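Hi,

Here is the structure I promised to pass on.

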Amino acid sequence: MTRFPELPQYSELAECDGLTEWLPQLADSLSEFLRFAHPDAIKNQVQWQNQLDIPLPSEGVGIGEVVGELCRWVIPNGSQIPNPASSAFITTGATTAGVLAGLACSVASPQRIGLTAFHYLEELSLNWLAALFGLSGFKGIYSSGGSVANLLALGAARQQAYEQLGCDPALSGLNRPGRIYASAECHHSVQRAAAVLGLGRSSVIKIATDSQGRMRPQALLGRLLADQGNEAVPVAIVANAGSTNHGAIDPLRDIGQIARQFGLWFHVDGAYGLPGILDPSYSAMFDGLEMADSVVVDPHKWLGAPVGVGATLVRDRSLLYRAFTQEAADYLEGASFDQAHSSMASLGVPYFDYGVELSAPPRGAVVWALLREVGRQGIQTRVCRHNQMAKDIAALAERHPELELLMPPSLSICCFRYVSDAVEDLNGLNRQIHQRMLERGKAMPSTTMVNGKLAIRPCFVGARSHQQHAMELAEEVLVVGRHCVSQRTAG
Ligand SMILES: *Cc1c(COP(=O)(O)O)cnc(C)c1O
């Protein structure tokens, strides 16, 4: 039966099917993981590292052993991020529909190109996202996350700004320096985008924010007026719809009007906070969003997608095309025919020309699954619940003598701290409380600074996080806080 007897038998032993056999074992292990009864990965680090640390294997062990090692050593020592007790990072554990859709992508559609149902869901779900956030007529593209999503949006902005001066920056580079005007609270991916786009990180002008971290339109206006006549090309204004630090929503209409007045691209970074528009108690604060030229949202944050899904939505996708199109390539040019009689005979919507990836998973299938499963109402319920959790902690912090609210909560972020008359260095105390909390693992928030004060900062975005987790977190701050204070005063 062997047609090439000179080839050794073990030349190719990779299992290419067998999902029915292997998935149940993996699923059991993952379900066990999701009970979060296992110790934190760092507790057994020596043990699992010893097991995994082998030189490059010359011979394989076969799929069974790989699945066994995954279940024994890797999965149980995974991340705390999906744990509902974790409110540190804005990325979340994926919900099941997204996990399953992601698996379906990797098996049945390893690329987003081609006239397949997966490719179809790419555009459909981008349109759904635009509808969800009231951005009618916006078209989009998926990328790996908010950082790349911001890069793509600012690439379109750069294109427009330099084209107006008769220069194609994507083709010829920049003939003049440029400037991006962003909230002082903007995500640092905005600066990196400026670096990648040839503008340089220092081209990002930070505009002052108010005591709640919102960009001050007067400061923006003042800076733009002062910069008139400057050699640097004004490229874009970047506002936050939910800042990473404090959840601040910038006054979008005021900023949008200034952008119009100066003929500037208006970019809104809603990587984290855009779904907040669905909460009736916040939706008015998103007034003016529709004035944006580009908006980003991260489905792998509040929408619960597996990590690796960001979305850029733009008013005019042809600018993305001119910003990111590639030189013609023989291996692609012949791949599209007007009349396709095979899913392989057309590349479909040229997403590879709207962004920086050629090969990419069809992430739209994941977003479709999430939205199809729970609908607009399901997302809205989740967002409202998380926002309420931040408000609950704030209310407690305001009335509890051992807690101090450092900033009114915005969206699902609440910045507060533990206070004690017996301790002078409250920043040091709260840093210690935070460290201790991470060690104990009962509630794992992050920290940030609020006007020079170290804040305990939970950000609730996980679909598994419910009301009780907010109260458990506040309780844990009190328990750990008291313990730290008694240690300090005893010593
Ligand atoms: C998280 C975040 C980003 C970056 O997104 P990644 O998916 O982590 O690359 C950008 N902007 C804001 C406001 C964010 O919260």
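The lining of the largest pocket divides into 18 nonpolar residues, seven polar and one charged (Ala, Val, Leu, Ile, Met, Phe, Trp, Tyr, Cys and Pro count as nonpolar, Asp, Glu, Lys and Arg as charged, and the others, Gly among them, as polar). Before going on, note that this is a predicted model, where local features need pLDDT of at least 70 and side-chain atom pairs count only at pLDDT 80 or more, while totals for chains, interfaces and linings use all residues. Residues are numbered from 1 along each chain as its sequence is written, and side-chain values use heavy atoms, with hydrogens and water left out.

Back to that pocket: its volume is about 860 Å³. Of the 26 residues lining the largest pocket, Leu30, Phe33, Leu34, Ala94 and Val99 are the closest to its centre. A pocket here is an open set of points on a 1 Å grid over the protein atoms alone, with protein on both sides within 12 Å along at least five of seven lines; a cavity is a set where a 1.4 Å probe fits but cannot get out, and lining residues have an atom within 4 Å of a point. Grid points are joined across faces, edges and corners, and a volume is the space filled by probe spheres set on them. At least two lining residues each come from α1 (19-33), α3 (63-74) and α4 (96-108), and α1 gives the largest share, six residues. Helices (H or I, at least four residues) and strands (E, at least two) are DSSP runs, numbered from the N terminus.

The second largest pocket holds about 420 Å³ of space. It has 21 lining residues, with Asp40, Gln80, Leu438, Gly441 and Met444 nearest its centre. Two or more of the lining residues come from each of α14 (426-440) and β11 (444-450). By class, this second lining has ten nonpolar, six polar and five charged residues.

Now the ligand. What surrounds it? There are 15 residues, and the closest are Ser147, Asp269, Asp298, His300 and Lys301 (near means a heavy atom within 4 Å). This shell divides into three nonpolar, nine polar and three charged residues, and helix α6 (residues 146-163) gives the most to it, with three. Some polar contacts (pairs of N or O atoms within 3.5 Å; within protein, one must be able to donate a hydrogen and the other to accept it, and residues adjacent in sequence count only if both atoms are side-chain atoms) stand on my list:

- Asp269: a side-chain N or O atom is 2.7 Å from a nitrogen atom of the ligand.
- His300: a polar side-chain atom lies 2.8 Å from an oxygen atom of the ligand.
- Thr244: a side-chain N or O atom is 3.0 Å from an oxygen atom of the ligand.

On its own the ligand has 380 Å² of accessible area, and the protein covers 87% of that (Shrake-Rupley method, 1.4 Å probe; for residues, only the protein chains shown count as cover).

As for cavities, a search of the whole structure finds three of 30 Å³ or more. The largest cavity has about 100 Å³ of space, and among its 16 lining residues Ile81, Asn83, Ser86, Thr92 and Gly462 are the closest to its centre.

Last, the salt bridges (a side-chain nitrogen of Lys or Arg within 4 Å of a carboxyl oxygen of Asp or Glu): the count comes to 18. In one of them, Glu123 meets Lys139 at 3.8 Å, N to O. Glu123 lies in helix α5 (residues 117-132) and Lys139 in strand β2 (residues 139-143), so the pair ties together parts 16 residues apart in sequence.

Cheers
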